[in-house]
Amino acid sequence: MLDGKKLYVKSYGCQMNVYDSERMEENLQSFGCTKVDKHEDSDIIILNTCHIRHNPTANVYSELGRIKIYKDSQLKKSKRVIVIVAGCVAQAEGEQILKQAPVVDIVVGTESYHNLPDLVQKALRSSNEKFINLEFETIQKFDMLNKPRKKQSYSSFVSIQEGCDKFCTFCVVPYTRGAEFSRKTNDIINEIKSLADSGVVEITLLGQNVNAYHGKDVNNNDFTLAKLCEEIAKIDAIKRIRYTTSHPINMTGDLIKAHASIEKLMPYLHLPIQSGSNNILKSMNRKHDRDFYLRIIESLRKSRQDMAFSSDFIVGFPGETDRDFEDTLDLVKQVGYSQCYSFKYSQRPGTPADTMKDQILEEIKDTRLSILQKLLQEQFDSFNNSTLNKTLDVLFESKGKRKEYNQIIGKTPYLQAVAVDISSNTNPEDYYGKILKTTITEIKKNSLLGKIQD
Ligand code: SAH
Ligand code: SF4
Ligand code: F3S
């Protein structure tokens with residue numbers, strides 16, 4: 001047992017890591033650990049890391065430097081602190097981490113973290129032994145996850161699919177998360193029911209290729225993502241359903257139709273394309289061209305006219321010409337996104353694009369990124385402006401940061417943050433977990449102000 005041990009978990013990277021971090025915490029808590037918010041208060045530290053680009057990976061090593069100072073200071077007081085590197089850097093770099101950062105005691109991969117309680121107990125019993133577990137044990141990992149869950153907020157992530165078989169030439173995920181694997185439908189439904197019973201109202205289904213989900217129910221019937229969403233929609237207490245991240249080639253007809261028939265499925269979709277140039281899409285191995293993507297967007301808009309879209313873009317992929325970049329700008333203009341993420345291409349060891357000729361100069365990447373981001377910012381502002389004076393459903397979840405106001409914060413169907421001032425004698429908690437018709441009264445830089453309709 002790990003009774004009374006204080007646990008600090010820091011999550012980097014995508015929502016799957018956020019979910020995994022929560023599940024690691026829950027698992028270690030069931031062995032007696034308690035959660036703390038700073039590494040300076042902890043006995044066990046987990047960094048759940050991201051390898052997607054150079055910078056998040058480098059950040060992990062700087063954090064380990066800070067943690068070493070803390071660990072050494074505690075050792076002087078005869079207190080042993082266990083330092084764990086989990087997640088995608090762990091999976092990708094393995095033993096190398098122990099060489100580069102001897103402060104680390106345990107390296108645990110993305111598909112083996114159900115072994116953590118055992119590994120931590122072993123590490124605590126040893127004087128300075130190192131432990132590594134990088135097995136791809138996705139089935140055992142999901143089995144560990146099959147425990148009833150309690151609400152941490154009104155909106156909860158639920159992982160339904162792991163790994164990726166797509167092998168885009170720039171991306172480490174197929175190597176850090178392994179082959180595509182879908183969790184059993186009934187296990188997912190049970191997890192969502194337990195969350196719903198504890199007060200959760202919004203579910204975001206997660207997977208690196210979430211729309212490639214192909215599960216089975218107890219009777220061995222096939223379950224697509226569309227069918228899964230239908231089942232979840234039957235749970236009364238769940239009012240909103242989202243899913244992320246989707247690959248365009250898995251946007252099947254039934255899923256597009258689901259956006260028309262399932263009211264609870266939010267009219268907002270993150271559908272990354274990465275580039276608007278057919279040459280670059282081919283060289284990235286994205287498996288579709290720009291027309292295919294534009295047709296999907298059109299079908300989704302036909303299915304539900306209030307759909308909004310977001311995407312990821314990479315600029316400066318090897319061989320990207322000015323013309324290719326222009327094609328990306330042109331595609332962005334054609335789609336009209338509500339918000340997007342954009343990155344400079346980052347060379348990742350072991351991926352095919354890393355050794356491609358015609359790597360793009362950093363200065364050119366910088367220029368292209370700033371041109372693209374300016375356009376995306378305009379679209380973001382214009383989308384927000386289009387909601388002015390409109391009445392939207394807002395799910396209220398928390399208190400505003402500005403103490404001088406009695407303010408609550410919620411989310412629109414499009415994930416925009418909305419702040420509402422309530423009268424000073426009302427309790428903000430009365431609003432939490434409720435979806436209320438709210439008129440947007442002012443557009444700020446990164447948020448909206450609104451007024452709840454009576
Ligand atoms: N599964 C998702 C994306 C996962 S990675 C999909 O298929 O779209 C999240 C985002 O990181 C990607 O969409 C991409 O835009 C970015 N990314 C991945 N590898 C990258 C690299 N080597 N350099 C720059 N950005 C990268
Ligand atoms: Fe990476 Fe491509 Fe798989 Fe997305 S689909 S995780 S970008 S390899
Ligand atoms: Fe990063 Fe791994 Fe997610 S590399 S983006 S944490 S799947």
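Residues are numbered from 1 along each chain as its sequence is written, and chains are lettered from A and ligands numbered from 1 in the order in which they are written. In this predicted model local features need pLDDT of at least 70, side-chain atom pairs count only at pLDDT 80 or more, and totals for chains, interfaces and linings use all residues, while side-chain values use heavy atoms, with hydrogens and water left out.

**Ligand 1**

Ligand 1 is surrounded by 15 residues, the closest being Phe170, Gln208, Gln274, Asp312 and Ser346; a residue counts as near if one of its heavy atoms lies within 4 Å. Six residues of this shell are nonpolar, four polar and five charged. Here Ala, Val, Leu, Ile, Met, Phe, Trp, Tyr, Cys and Pro count as nonpolar, Asp, Glu, Lys and Arg as charged, and the others, Gly among them, as polar. Strands S15 (308-315) and S16 (339-344) each supply at least two residues of the shell; helices (H or I, at least four residues) and strands (E, at least two) are DSSP runs, numbered from the N terminus.

| Protein atom | Atom of ligand 1 | Distance |
|---|---|---|
| Gln208, backbone N or O | nitrogen | 2.8 Å |
| Arg286, polar side-chain atom | oxygen | 3.4 Å |
| Asp312, polar side-chain atom | oxygen | 2.6 Å |

Taken alone, ligand 1 exposes 540 Å², and the protein buries 89% of that (Shrake-Rupley method, 1.4 Å probe).

**Ligand 2**

The shell of ligand 2 consists of Cys164, Lys166, Phe167, Cys168, Phe170, Cys171, Val173, Pro174, Asn209, His247 and Arg286. By class these are seven nonpolar, two polar and two charged.

**Second largest pocket**

A pocket is an open set of points on a 1 Å grid over the protein atoms alone, where a 1.4 Å probe fits, with protein on both sides within 12 Å along at least five of seven lines; lining residues have an atom within 4 Å of a point. The second largest pocket is lined by 19 residues, with Pro267, Arg304, Asp306, Asp393 and Pro413 nearest its centre. Its lining has seven nonpolar, three polar and nine charged residues. Strand S17 gives the most to this lining, with three residues.

**Paired strands**

Strands S18 (residues 407-411) and S19 (residues 417-421) pair in the antiparallel sense over five bridges; pairing requires at least two DSSP bridges. Gln407 has Asp421 of S19 as its bridge partner. S19 also pairs with S21 (residues 448-452), in the parallel sense over three bridges, and Val420 is partnered by Gly450 in S21.

How values were computed
A polar contact is a pair of N or O atoms within 3.5 Å; within protein, one must be able to donate a hydrogen and the other to accept it, and residues adjacent in sequence count only if both atoms are side-chain atoms.
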